[in-house]
Amino acid sequence: MTLGGRVHETAREEAVTMTRTPPATVNRVRLWRWRRNPLRRHSDAVEAWVVLLTWVLVLAGGAFAGLLAAHTSQSAFAARQSEVQAVSAVLTDDAAGPPAAGTGYDDGRVWAGVRWTDPDGSVHTDRAKVVPGAPAGSHVTVWTNQADRVVAAPVTGSAADLQAALTGVLVAPSAGAMIWAAGWVVRGRLIRRRMAEWDEEWKQIGPRWGNLSGGRG
């Protein structure tokens, strides 16, 4: 249908709409892209499907990304736990006293030298965080990697579950926002294309419309 035909059809539908009560027409106006009518273009139907698909992917894709991120975090924690082991060590010197002032990232422990012996009899030394003021010779438990170096204790149990869940909660809305942005980029291109089509048609209909309205249109 040409622009002139759509303009006349729009005027007719507006006249019909004015005779109806607002509550009976609100839903129909909002869903006009889904109904068969002479004003709906193919691009209007495509835009409606793009919007619907975008929101479905936002919800489903965001949830999937969150679950995947949580599962990946749990797998990483499990892999980290399999790469380290707990060993019994002794302090090689007296641990220092508690620091004068701590920060929000300080766990209250201090660094001290430790020594431990592998099952094959190999002796290793390193530095680990221990309780302040512990005397030399005290037994402590430290975590070591495959290179026999002291590392931080792995995250296990409820702490690992909580961190994995928080990771999923943070990733889900971020993934949903990216999908939403991609969908709105596509919709924006459709709108610009429709406006370009209207401009081209108006170049043809505009002069005739002005003649029909006596130069006042």
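Is Asp-126 buried or exposed? I looked it up in this model, which is predicted. Asp-126 comes out buried, with a relative accessible area of 16%. That counts as buried because the cut-off is under 20%.

**Entry 1: the partner of Asp-126**

I checked next what the side chain of Asp-126 meets. It forms a salt bridge with Arg-149, at 3.4 Å from N to O.

How many salt bridges does a search of the whole structure find? I get three. Glu-47 takes part in one with Arg-187, where the closest N and O atoms are 2.7 Å apart. Glu-47 lies in helix α3 (residues 42-83) and Arg-187 in helix α4 (residues 157-212), so this pair ties together parts that are 140 residues apart in sequence.

Glu-47 also forms a salt bridge with Arg-194, and here the closest N and O atoms are 2.3 Å apart. Arg-194 is in helix α4 too, so this pair ties together parts 147 residues apart in sequence.

Glu-47 has a relative accessible area of 1%, so I note it as buried. Arg-194 is buried as well, whereas Arg-187 is partly exposed at 22%.

In what order do the strands of the open sheet run? I read β3-β2-β1-β4-β5, five strands with antiparallel pairing. β3 and β5 stand at the edges with a single partner strand each, so one side of each has no neighbour in the sheet.

I zoomed in on β1 and β2, which pair in the antiparallel sense over two bridges. Val-90 stands opposite Arg-115 in β2.

**Entry 2: the nonpolar core**

I went for the largest nonpolar core, which has 14 residues. The ones with the most contacts inside it are Leu-91, Val-114, Val-130, Val-140 and Val-142. Which elements give two or more residues to this core? They are β1 (85-91), β2 (110-117), β3 and β4. The largest share, four residues, comes from β2.

Leaving out residues up to four places away in sequence, Val-140 touches Val-87, Ser-88, Ala-89, Leu-91, Val-114 and Val-130. Among these, Leu-91, Val-114 and Val-130 are also on the list of residues with the most contacts inside the core.

**Entry 3: Thr-54**

Last stop, back in helix α3, where Thr-54 has its place. Thr-54 is buried, with a relative accessible area of 5%.

What lies 2.6 Å from a polar atom of the Thr-54 side chain? I find the backbone oxygen of Val-50 there. Leaving out residues up to four places away in sequence, Thr-54 touches Ile-179, Trp-180, Gly-183 and Trp-184.

Note on methods: Residues numbered from 1 in each chain as written. Predicted model: local features only at pLDDT ≥ 70, side-chain atom pairs only at ≥ 80, totals over all residues. Heavy atoms only, no water. Salt bridge = Lys/Arg side-chain N within 4 Å of Asp/Glu carboxyl O. Buried < 20%, exposed > 50% of the residue type's maximum accessible area, 1.4 Å probe, protein only. Core = buried A, V, L, I, M, F, W, Y, C linked by side-chain atoms within 4.5 Å. Contact = heavy atoms within 4.5 Å. Pairing = 2+ DSSP bridges. Polar contact = N/O pair within 3.5 Å; in protein donor to acceptor, adjacent residues only side chain to side chain.
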